[in-house]
Amino acid sequence: MLTDSAVPGSRPPATPADPAPDPAQEAAAQARVAELERRFGDPADPANPVGAQRLLAADEAGELSVDGEQLLDDAVLTADFVPVDLGGRLTRIDTLARVLRPVFRRDVALGLGYGVTSFMAAVNVWTAGNEEQRRGLAELLLGGARVSVAYHELAHGNDFVRNGFLARPEPGGHRLHGRKEVINNAERAAAFALFARTDDAPGSRSHSVLLAERDALDPARFRTLPRYPTAGVRGCRISGLEFDDCPVPAGALVGEPGQGVELALRSFQITRSALPGMALGAADTSLRTVVGFARGRQLYRRSVLEIPHARDTLSDAFLDLLICDSLSLTATRAVHLLPEETSVYAAVVKYLVPRMLTETMHDLSIVLGARFYVREGEFGIFQKHVRDLPVLSLGHAGSAACQATVIPQLARLARRSWFSGEQAPAALFEPRTALPAVPFERLTLASGRDSLSASLVAARDETADGSPEEQAVRTLTLRMADELRRIQQDSLALSPQDRTALAAPTAFALVDRYAVVLAAAAVLGVRRAARADGTDPFLADPAWAAAALHRLARRLGQRPADLPGGCAERVHREVLRRFQEHRSYDLYDTPLAG
C-alpha cells in the first residue's frame, strides 16, 4: 500500500502568505456556478434534455448523456482544469469543487466521465511537468480533449509501489509493456498519465510518471481492453490499456526518473481534497428529493415531515452536508495556504467525507421507504446517486490507503504539533476570501504541523456568551479537545509496527477518531469566520455548529447532553427554507435552477 512514508524527506516549512483581497475571484466563481445551473436547467422538467429523466435513461443504457457532454463542451468545462497562466480558468481548488457541484448534482458519472478524470491526470503535469508538457496538455484540454490517468493494476490495487507495468529506458525514450486496468475514458482519451516501473530495484524510487499522447503511439503496439461493467457510474467508460513494447519519446517523462511515487503523493493532495467536495452536489440532490417526498407524502393522517424521526433524519442529513463541506473547504484551501500540511488534510477528507455521505444516503433511504428501490420517475435519481456515490471512496485512492497515509504521521504530530502549534489563518475557513495561486512546488509528503487542530484548541479557550446554544458549542468544543488529547496519548503509544501501513486495526481506528476531530475543528472555524463576516446569519448562528458538534461527538461514541431545543428547530427551518427557495444545502447557499 502506498503511503507518505514510502518516500524519505520533506521540504522545510514555509509561512503561508496572506491572500490579497480580490473580490473578482468570488464574482467569477458565482458567475460560473450560475452559468452551469442555467445551462442544466430544472432537473424535474421532463422536457429538459439534461433533466433527471433523460439522465436516468442514459444510465440505464450504460452511457453518458450525449446532451450532457455537449452542454459541458459548450461550457468549455475542461478549461476549469487548466491554470490561468496556461489559458484556463483554474485559480483555486475550492472554487473548482464548487463549480463541479452543479454537474455532480445531476449525475456523478457525468462529473467523473466528462472531466474529473482529466483533472486527476493533469495535476501530475501541473505539479512536475516541464513547460512544453504543461502547454501541450493545456492545449489538449482547452480543445475539449479527454486525458486519462492510469495508476491501477488489479493485482496490486492501491499498492502502487508493487506495480509491474514497465517503462523500460532506452536511448531516446522508453518502451511501455504491460497492462493498466480500471481506467476511465481509456478508449477515447487523447493522452494518458501512466504510472510505470522504470527501475527493477525495490523501493520508492523505482517508478516514474509518463505522459503519452495517443496519436504518437504505435497502434500496433497498444490496445484498449474490454469495458468493465460497473454497479455505479454505469455511464463511465471504464476499461484498460495494454502495451507491447510500445515506444514513447524521452519527452514523455514527467519530472525526474524515479519520482513517480513522490509525484503521485503530491498530486493526490490536490485531487483527494477536491473530489469529495464535488460529490456534495449529489448528496444535495438526494436530500432535496427526500425533503420533497416527506412534504408531500401522507402517513398516519399527517405528512411524513411531521413524523419526528423523519424530521430529525432530514436535519441530520443537512448537518452532515455542512460538516462535510466545512472539512472539504479547509482541505481545498489548505492546498493554497498550508501546502506543507495538506498531505494529512487531503487524506482525511478523502477518507471521511465519502464515508459520511454514504451513511447519510442510507439514513435518507429509510425515510424514502419502498420508493428507494425505484429506478425511474420522480425518485429514480436518488437510487442512482446511492449507487454512484460509493465509487468516490475508491477511485485512485481508497479509504484504507488514505488512512495509511495518516498513520505514519500521527506520532510526529502528537510530539511536535498538537496543543503547541499555531492555529490556522482565518482565511482557511472563509469560503469567499481570495487565495494565492496553488504552490505546487511546496506540496510536501509529510509534516510535523497541524494548524487545523490548533484552531480547535484555540476555540476551546474562547469565552462563550450566556446563550444556551453558545454554551453548548463551548461544552462540545471542550469534549473535542479532550478527545484530541486522548488521540495524542494513543498516538505516542503506537509501536513501531503500528506507525506503518502494516499497522494493526487499532491504528486505523485512531485515524478515524482524528478525522472526526478535524471535522469538528473545521466546523468551529467556519462558524467563527461567518460570525466575523456577518453576511450569512445561519452560519453565524451557534445553533447549527452546536448540532454539528453534537453529531460528531456521537460519531465518536460519546453521549453528550441533549442540545437546547432551539438548535434542532433552527436547523429544521433552514432545511425547509432552502428547499422552498431552491437554495443549495452547503456552505454557499447557492440559488439553484430547480
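Guide: Let us begin with Asp589 and Arg577, whose side chains meet in a salt bridge with an N to O distance of 2.9 Å; the model is a predicted one.

Visitor: What makes the meeting of Asp589 and Arg577 a salt bridge?

Guide: The label asks for a side-chain nitrogen of Lys or Arg within 4 Å of a carboxyl oxygen of Asp or Glu, and the N to O distance between Arg577 and Asp589 is 2.9 Å, so the pair qualifies. The two residues link distant parts of the chain, Arg577 being in helix α17 and Asp589 in the segment after α17 (565–580), 12 residues apart.

Visitor: Why is Asp589 called buried, and why is Arg577 called partly exposed?

Guide: Buried means under 20% relative accessible area, and Asp589, at 12%, therefore counts as buried. Arg577 has a relative accessible area of 23% and so is partly exposed, since that label covers the range between the buried limit of 20% and the exposed limit of 50%.

Visitor: Which residues are linked with Asp589 and Arg577 in a network of salt bridges?

Guide: The network also holds Asp541, Arg570, Glu574, Arg578, Glu581 and Arg583. A search of the whole structure finds 58 salt bridges.

Visitor: What does the salt bridge between Arg168 and Asp245 tie together?

Guide: The closest N and O atoms of Arg168 and Asp245 are 2.9 Å apart. Arg168 lies in strand β2 and Asp245 in strand β7 (residues 238–249), so this pair ties together parts that are 77 residues apart in sequence. Arg168, at 39% relative accessibility, counts as partly exposed, and Asp245, at 26%, is partly exposed as well.

Visitor: Why are helices α4 and α5 called roughly antiparallel?

Guide: Angles over 145 degrees count as roughly antiparallel, and α4 (residues 93–106) packs against α5 (residues 108–128) at an angle of about 150°, with the axes 7 Å apart; the two helices are therefore roughly antiparallel to each other. The contact involves, among others, Ile93, Leu96 and Phe104 of α4 and Leu110, Val116 and Phe119 of α5.

Visitor: What makes Ser65 a buried residue?

Guide: Its relative accessibility is 5%, and because the buried label applies under 20%, Ser65 counts as buried. Ser65 lies in the loop between α2 (52–60) and α3 (66–74), where a polar atom of its side chain is 2.8 Å from the backbone nitrogen of Gly68. Leaving aside neighbours within four places in sequence, Ser65 is in contact with residues including Pro49, Val50 and Leu110.

Visitor: Why is Glu69 called buried, and which residue's side chain does it join in a polar contact?

Guide: Glu69, which lies in helix α3, has 12% relative accessibility and so counts as buried. The polar contact joins the side chains of Glu69 and Arg188 at 2.8 Å. Not counting residues up to four places away in sequence, Glu69 touches Leu64, Leu110, Tyr114, Arg146 and Arg188.

Visitor: Is Ala145 buried or exposed?

Guide: Ala145 has 18% relative accessibility, and because the buried limit is 20%, Ala145 counts as buried. The residue lies in the loop between α6 (131–142) and β1 (147–150), and among the residues it touches are Thr78, Ser118 and Ala190.

Definitions and conventions. Residues are numbered from 1 along each chain as its sequence is written. This is a predicted model: local features need pLDDT of at least 70, side-chain atom pairs count only at pLDDT 80 or more; totals for chains, interfaces and linings use all residues. Side-chain values use heavy atoms; hydrogens and water are left out. Helices (H or I, at least four residues) and strands (E, at least two) are DSSP runs, numbered from the N terminus. Buried means under 20% relative accessible area, exposed over 50%, partly exposed in between (1.4 Å probe, protein chains only). A polar contact is a pair of N or O atoms within 3.5 Å; within protein, one must be able to donate a hydrogen and the other to accept it, and residues adjacent in sequence count only if both atoms are side-chain atoms. Contact means heavy atoms within 4.5 Å. Axes are lines fitted to C-alpha atoms, for helices over the stretch in contact, and angles run from 0 to 180 degrees between N-to-C directions. Angles under 35 degrees count as roughly parallel, over 145 as roughly antiparallel, 65 to 115 as roughly perpendicular and the rest as oblique.
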